[in-house]
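Here are a few friendly notes to read beside the model. Please have the viewer open as you go through them.

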Amino acid sequence: LYSFIIHNKDTFFNNATRSRIVHHILQRVKYEEGKNKIGLNRLLSNGSYEAAFPLHEGSYRSKNSIRTHGAENHRHLLYECWASWGVWYKYQPLDLVRRYFGEKIGLYFAWLGWYTGMLFPAAFIGLFVFLYGVTTLNHCQVSKEVCQATDIIMCPICDKYCPFMRLSDSCVYAKVTHLFDNGATVFFAVFMAVWATVFLEFWKRRRAVIAYDWDLIDWEEEEEEIRPQFEAKYSKKERMNPISGKPEPYQAFADKCSRLIVSASGIFFMICVVIAAVFGIVIYRVVTVSTFAAFKWALIRNNSQVATTGTAVCINFCIIMLLNVLYEKVALFLTNLEQPRTESEWENSFTLKMFLFQFVNLNSSTFYIAFFLGRFTGHPGAYLRLINRWRLEECHPSGCLIDLCMQMGIIMVLKQTWNNFMELGYPLIQNWWTRRKLRQEYGTQRKTSFPQWEKDYNLQPMNAYGLFDEYLEMILQFGFTTIFVAAFPLAPLLALLNNIIEIRLDAYKFVTQWRRPLASRAKDIGIWYGILEGIGILSVITNAFVIAVTSDFIPRLVYAYKYGPCAGQGEAGQKCMVGYVNASLSVFLVSDFENRSEPTSNGSEFSGSPLKYCRYRDYRDPPHSPVPYGYTLQFWHVLAARLAFIIVFEHLVFCIKHLISYLIPDLPKDLRDRMRREKYLIQEMMYEAELERLQKERKERKKNGKSYHNEWP
């Protein structure tokens with residue numbers, strides 16, 4: 001107590017700190033004679049108590065207006081100034097959140113608010129790229145040629161039932177593709193890679209300011225207690241703790257390694273389950289496209305590929321949600337199998353597994369569509385097949401980017417909607433059902449007279465894993481916003497709109513629907529920062545491949561500079577793209593079809609006589625050349641340009657990222673000056689206190705008649 005200036009002991013500690021002190025004491029109280037009969041957690045785990053939680057500070061509602069009568073308590077103030085939907089456009093009262101819920105939850109909302117604020121420029125640029133595509137749509141030479149290509153007949157996209165089709169039938173898809181794949185896409189991909197770095201670097205600065213203001217700069221986590229499960233498992237083997245000097249349970253190195261190997265094998269097996277699920281979706285797509293092509297409804301029959309993609313995405317979403325439930329149980333089992341020593345080790349291990357499972361589960365189908373769909377199909381007359389039976393799915397005549405856009409848009413909207421419902425709707429329904437039972441049992445009057453602890457007991461407990469679900473949802477969204485953003489520039493805008501709702505939704509949930517969580521301290525967002533950095537690096541690589549492989553940016557560039565009307569002139573405008581569509585299609589002799597892939601229609605509806613030739617997307621020689629259907633020189637030029645672009649793009653963006661990281665200091669200059677000033681003042685106060693003490697001693701000696709030579713002044 002002598003280290004602090006305390007004017008009033010009742011108000012010196014806020015409620016969050018007081019509850020943490022009480023919990024600290026309860027964790028160390030011995031409740032029974034015995035070696036391990038200590039602490040509240042053991043009483044909760046053996047069923048002696050049903051629950052233990054800090055109390056909310058009264059009701060969050062009031063009959064009187066907060067403007068005329070003020071807030072009745074901190075909970076009421078938080079509800080009116082933070083959790084109410086009417087204040088969605090205001091800054092968050094982070095200091096009040098920290099005072100009520102503690103630093104760890106305060107840091108989560110500080111990070112979420114910072115992330116949402118940083119999404120504004122990304123959403124604006126993404127919307128600009130989309131609007132640029134809209135304004136230049138009528139001037140796009142490629143989509144014009146596709147829409148006017150009534151004389152170009154495309155080969156069927158599936159066996160037997162798919163008909164021949166005019167290239168002009170895909171006019172709408174060509175125009176939609178241009179909205180996302182236009183001249184501004186490469187700029188936006190570079191911008192988003194740089195944005196991710198700037199976001200993380202400026203968050204470090206923001207976190208430093210918050211840590212200083214909340215007195216967390218010099219705070220270090222105290223030596224954590226050993227988990228009871230670890231203690232029970234390894235209580236027979238003990239060794240001295242190098243810090244405390246007391247004996248503690250010890251896990252042998254061989255035992256730890258064997259458990260980690262089994263855990264890693266489990267992770268690998270679950271990733272294989274995800275790949276198997278994706279393989280099932282692939283089979284569904286290749287089987288269903290033929291079924292939809294023979295459908296009796298003309299709308300579905302004429303749009304068989306879009307119908308296949310749409311239904312496959314919805315089925316994939318259902319599989320994702322089902323596997324997420326399984327993954328949580330598997331991650332819990334594998335983490336407990338590893339026997340982590342402390343709670344923080346357990347939390348980090350569980351977090352890494354759950355993120356890995358969910359990330360692979362959510363993005364595996366997207367990776368398939370972006371980098372494998374339509375890449376290894378062979379060509380008409382020599383199609384590659386799954387198990388020598390099913391012909392692999394081809395891209396739409398307008399390219400694969402439209403499939404990737406649909407995948408990202410549907411998954412992102414559906415997942416965010418589902419998450420928001422589960423976060424708020426589920427607790428609301430449960431609390432409503434609890435209140436209904438209480439009304440039936442006690443009546444309305446009796447229910448209003450319940451003590452605060454009983455009112456809080458009837459609310460929902462916070463998630464067993466703390467803030468894990470909140471962080472995981474946002475980190476996965478960050479991945480969607482950055483990894484494939486070159487294919488879907490509207491992703492940051494969707495994320496921004498969701499996060500504006502998410503902040504108030506989470507605030508409402510914490511203040512009104514959940515029991516008050518135990519306040520805890522933290523210096524940063526923990527392992528999640530490293531995961532964010534990993535996603536930032538992965539996003540550079542994936543966007544480079546999306547632009548080079550999935551989009552038609554590189555083939556168009558090669559055509560403009562090497563094969564188009566402007567070849568050798570160093571120009572690449574729309575006039576240089578004349579003839580691009582015809583140059584990107586190869587010719588196939590219809591009589592060369594395999595028996596099992598020969599269409600039921602002979603194409604006579606187009607010209608009155610059976611078709612002799614059809615076209616397909618590839619760079620191959622015509623059927624009557626010396627090497628029929630061999631790759632042309634243009635194919636190798638495009639392939640070389642794609643590889644060169646990937647290398648140049650990655651190196652350029654990584655250099656920019658590292659340069660930005662180097663130029664932006666982790667501590668703002670004014671904060672560094674404040675910290676130095678504080679250190680200087682502390683030293684001055686220590687000097688003055690020491691001088692005052694020495695002068696006092698000297699006066700006392702003189703008063704007592706004692707004096708010494710060579711005294712310090």
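1. The protein chain of this predicted model has a mean pLDDT of 83, with 94% of its residues at 70 or more; pLDDT is the predictor's confidence in each residue, from 0 to 100. Confidence is highest in helix H7 (residues 103–135), at a mean of 92, and lowest in helix H17 (residues 444–448), at 60. Helices are DSSP runs (H or I, at least four residues), numbered from the N terminus.

2. On conventions: residues are numbered from 1 along each chain as its sequence is written. In this predicted model local features need pLDDT of at least 70, side-chain atom pairs count only at pLDDT 80 or more, totals for chains, interfaces and linings use all residues, and side-chain values use heavy atoms, without hydrogens and water.

3. Now the aromatic rings. There are 42 aromatic pairs (Phe, Tyr and six-membered Trp rings with centres within 6.5 Å; planes under 30 degrees apart are stacked, over 60 edge-to-face, the rest tilted). Trp 195 and Phe 199 make a stacked pair, 5.7 Å centre to centre with 10° between the planes. They are about one helical turn apart because 4 residues separate them in helix H10 (residues 185–213).

4. Phe 510 and Trp 514 pair edge-to-face, at 5.0 Å centre to centre and 70° between the planes. Both Phe 510 and Trp 514 are buried.

5. Have a look at Arg 516 too: its charged end sits over the ring of Tyr 100, 3.9 Å from the ring centre (the rule asks for CZ of Arg or NZ of Lys within 6 Å of the centre and within 35 degrees of the ring normal).

Note on methods. Helices (H or I, at least four residues) and strands (E, at least two) are DSSP runs, numbered from the N terminus. Buried means under 20% relative accessible area, exposed over 50%, partly exposed in between (1.4 Å probe, protein chains only).
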